[in-house]
Amino acid sequence: MTEKRVQFADSQPLAAIGQGSWYMGENPRQRQNEVAALRAGIDLGLTLIDTAEMYADGGAEVVVGEAIMGRRDEVFLVSKVYPWNAGGQKAIAACEASLRRLGTDYLDLYLLHWRGNYSLAETVEAMETLIRQGKIRRWGVSNLDYSDMQQLWRVEGGQACATNQVLYHLASRGIEFDLLPWCQQHALPVMAYCPLAQAGRLRDGLLENATVREIAHGHGVSAAQVLLAWVIRHQGVMAIPKAASVAHVKENAAALELTLSEDELNRLDHAFPAPGHKTPLDVV
């Protein structure tokens, strides 16, 4: 398989495409398909699995837990804490609840889902407590913009942050103005959620875009594979698409082997230009 890989603090290098679980666990009739898809992804080397206590009110964590049963050591497991649980004893309790649903005694990475009423200092303190207790190996953030990261870096212990997970896809390129370059400068991996805009109205527009489809046709691949290859073209950027079927997981994994040419990247830039100024961080 290709060497498109991303490394978090003190971790082994991981495939630059992982597996998301947003919307999993909402329909019991889909559960076995979701479990099978996640297991197939592990088989294909997509060993990072991302979930959150928010997804299906913990239901996604239950699905992930079933998928990794007996395979915990093969997986880099990520979950996220609600902002209103991201400090003090609430953070400890929230993490322990996630661990129970996942059927494991530790997380490889625990993320603040977005900023809330707890200060960044309180969240960092809670994360460091969880590390000392052995419940998590490392911590990070999600949906924090450039200014938020500046604040985090000034907090004692804040520079131990292992990642920032943000929305990023071909039609949402605002992070390229300041946030992505800053993360790269600090060797901080970026996790791109909704890399196919799957939670937004632009999904069909992206997959049906003429330029995207022409490039896909030229490579004999799907439009979704082109979009994934575009996201992970940057060093230190990982895509975490959700795939609830084995077929989609196989398609995602194959995108690791797709490299877009400079001409193709230029054509995509022309079709979906990056903003030349600061824009608010996109959040879904």
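The model is predicted, so local features need pLDDT of at least 70, side-chain atom pairs count only at pLDDT 80 or more, and totals for chains, interfaces and linings use all residues. Residues are numbered from 1 along each chain as its sequence is written, and side-chain values use heavy atoms, with hydrogens and water left out.

- UniProt, in an unreviewed entry, lists H113 under "binding site"; its positions follow the numbering used here, feature names are shortened, and annotations may be inferred rather than shown by experiment.
- You'll find H113 in the loop between β5 (109–112) and α4 (120–132). Helices (H or I, at least four residues) and strands (E, at least two) are DSSP runs, numbered from the N terminus.
- H113 is buried, at a relative accessible area of 6%. Buried means under 20% relative accessible area, exposed over 50%, and partly exposed in between (1.4 Å probe, protein chains only).
- Not counting residues up to four places away in sequence, H113 touches A52, M54, Y55, K80, V81, S142 and N143; contact means heavy atoms within 4.5 Å.

**Strand β5**

- In a regular strand, side chains alternate between the two faces of the sheet.
- In β5, L109 and L111 sit on one side and Y110 and L112 on the other, and all are buried.
- β5 pairs with β4 (residues 76–81) in the parallel sense over four bridges; to pair, two strands need at least two bridges found by DSSP.
- L109 in β5 is the bridge partner of V78.

**E264, a buried charge**

- E264 lies in helix α11 (residues 262–271).
- E264 is buried yet has no salt bridge, and the nearest side chain of opposite charge, R267, is 5.2 Å away. Here Lys and Arg count as positive and Asp and Glu as negative, while His and the chain ends are not counted.
- Leaving aside neighbours within four places in sequence, E264 is in contact with I215, H219 and T259.

**Salt bridges**

- A salt bridge is a side-chain nitrogen of Lys or Arg within 4 Å of a carboxyl oxygen of Asp or Glu, and the count comes to 16.
- R267 and E214 form one at 3.2 Å, N to O. R267 lies in helix α11 and E214 in helix α8 (residues 210–219), so the pair ties together parts that are 53 residues apart in sequence.
- R267 also meets D263 in a salt bridge at 3.9 Å; both lie in helix α11, four residues apart, about one turn of the helix.
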